[in-house]
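Please walk me through this model in the viewer, one selection at a time. Tell me what to pick and what is found there.

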Amino acid sequence: MVESTGHGIVYSFVTAHVAVSPGYGGPLPYAVATVELAEGPRLLGRVEPPGPLAIGDRVVARFADHATWTELYFEPEAAPLPQSEGAHS
Amino acid sequence: MTGPASPPRQVAALVGVGFTPFTRASGQSVLALASQAVASAVGDAGLRLADVDGMSSFMVSNDSVPCVAVSSALGLGQLRTVLDVQLGGQAPCHLVWQAAQTVARGDAEVVVVYRALNGRSGARVGSMQFAGMGGQYRYPIGYGAYLMYVGMWAQRFLHETGQGPADLGAVAVSQRRYAQDNVRALRREPLELEAYLAEPLVVDPYRRSDCTAEVDGACAVVVTTLERARDLIHPPAVVASGCYRAGPRPGLDIGDHLLWEDYTRNYTSWLRDELFGRAGIGQGDVEVAEIYDCFTSTVLMGLEGLGLCARGESGAFVRSGACGLDGRLPTNTGGGLLAEGYLHGMNTVAEAVLQVQGRGGTRQAPRHEVAVVTSGALMDGSALILTADR
């Protein structure tokens, strides 16, 4: 079990310009990111608002209540990390 | 990882291939398609249906028909081995390797491996919903399509290796050239890089031409002992090596990658030493490559993962023309899944067989004694090395 502050960086992401995901009826385009939390584990979530996004961007987890479920999504944080490359090849 | 110490066992071969036409609406049952491709492959090998004593196939969410149904439809004699697996594009090389070992053991003598589906007019894997497991967390947020999953890897891969749209585009362009010579291919219209780059993004980083063409159709290949293969009409494509690998924590399903550490290296990185080691063949010996290409990025990742290109150099390799017919390593010579059609990699294997047998026609690679084939895109997959009989 890891307790998280909800802060993390974008490990990778996709931006959908076409509604290819079955059942999706929300706005386009939208972004879904794999976020590496500061504590280590990764989570998946939409990035809202979906503006220009890059690997290494800082994001923070937020919750949104829908009719039957609660969504964990991410919100971009203002200041980018000093080394936002994240490349470790 | 090291290869096994025992000498390469080259006792099985691929001897025939069969196809139905690849269409957008077959108007036929999957059973009819499967039966047609199997019969065609057996005939192509110069064998009789009565010679078949083993079958294997794969399907995703029951989008195909089991081996016994095809055996019944074709009125085959007894089957001595059968394997129906729930796998997608990871399966073809794996099943051929299993068939090779089966005939090597003597458990059966002629095994047909097939894939059949109405993948365009029927259930489409690219947008199929899979119940339970990881999907329940993905569908509600709009993360539920195969191209999004592979795109998530592609984005990170391009980022870490310093590659971009022109590198993906080079793959689409290179393969489309081959498709112009392939009557089976669904996408045969010419494609240039400028036109590729002008296509709108579907899911960043993919454009339409980065994505496979879903089709209806079937494809089958025939495996038998090398001894028997030498008596048949075509030269044998010897199964020199095969390998399946799932890397650590491959996830609950095809879309669950949260515990997979490195999105820039797929199963090809994990199996390459065993694959080449078992065959006693080096990367420099490979003359033809058929790399699984549901999306352009998996070709780049496969070339690098197998060690056919250095890390970060696959895009430049393809852009240099190296994957063309007159290049250093003709790759995806039938147009690949991108242009020929999405038979989930069964046609990728069949194209390798045709190349090694020297039956590639106008798209025949000039040197074709050693071919490598892969099946799969992400956490798990399989591969084969096929050689001429030498």
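Begin with Ala16 of chain A and Val203 of chain B: Ala16(A) stands opposite Val203(B), which belongs to strand E5 of chain B. This is a predicted model.

Strand E1(A) and strand E5 (residues 201-204) of chain B run antiparallel and are joined by two bridges.

Next, select the whole contact between the chains, to which chain A gives 26 residues and chain B gives 26 residues. On the side of chain A that touches chain B, at least two residues each come from strand E1 (7-16), strand E2 (30-37) and strand E3 (42-47) of chain A. E1(A) supplies the largest share of that side, six residues. Coloured by class, the side of chain A that touches chain B shows 14 nonpolar, nine polar and three charged residues.

Select strand E2 (residues 54-59) and strand E3 (residues 81-86) of chain B, which run parallel with six bridges between them. Within this pairing, Ser56(B) stands opposite Leu83(B) of E3(B).

Last, select helix H5 (residues 146-161) of chain B. H5(B) is mostly covered, with 16 of its 16 residues buried. Step past the helix to Gly162(B), which follows H5(B) and has a positive phi, near 70°.

Note on methods:
Residues are numbered from 1 along each chain as its sequence is written. Chains are lettered from A and ligands numbered from 1 in the order in which they are written. This is a predicted model: local features need pLDDT of at least 70, side-chain atom pairs count only at pLDDT 80 or more; totals for chains, interfaces and linings use all residues. Two residues are in contact if their C-beta atoms, placed from the backbone, lie within 7 Å. Helices (H or I, at least four residues) and strands (E, at least two) are DSSP runs, numbered from the N terminus. Ala, Val, Leu, Ile, Met, Phe, Trp, Tyr, Cys and Pro count as nonpolar, Asp, Glu, Lys and Arg as charged, and the others, Gly among them, as polar. Two strands pair if DSSP finds at least two bridges between them. A residue is buried if 20 or more other C-beta atoms lie within 10 Å of its own, exposed if 12 or fewer, and partly exposed in between; C-beta atoms are placed from the backbone.
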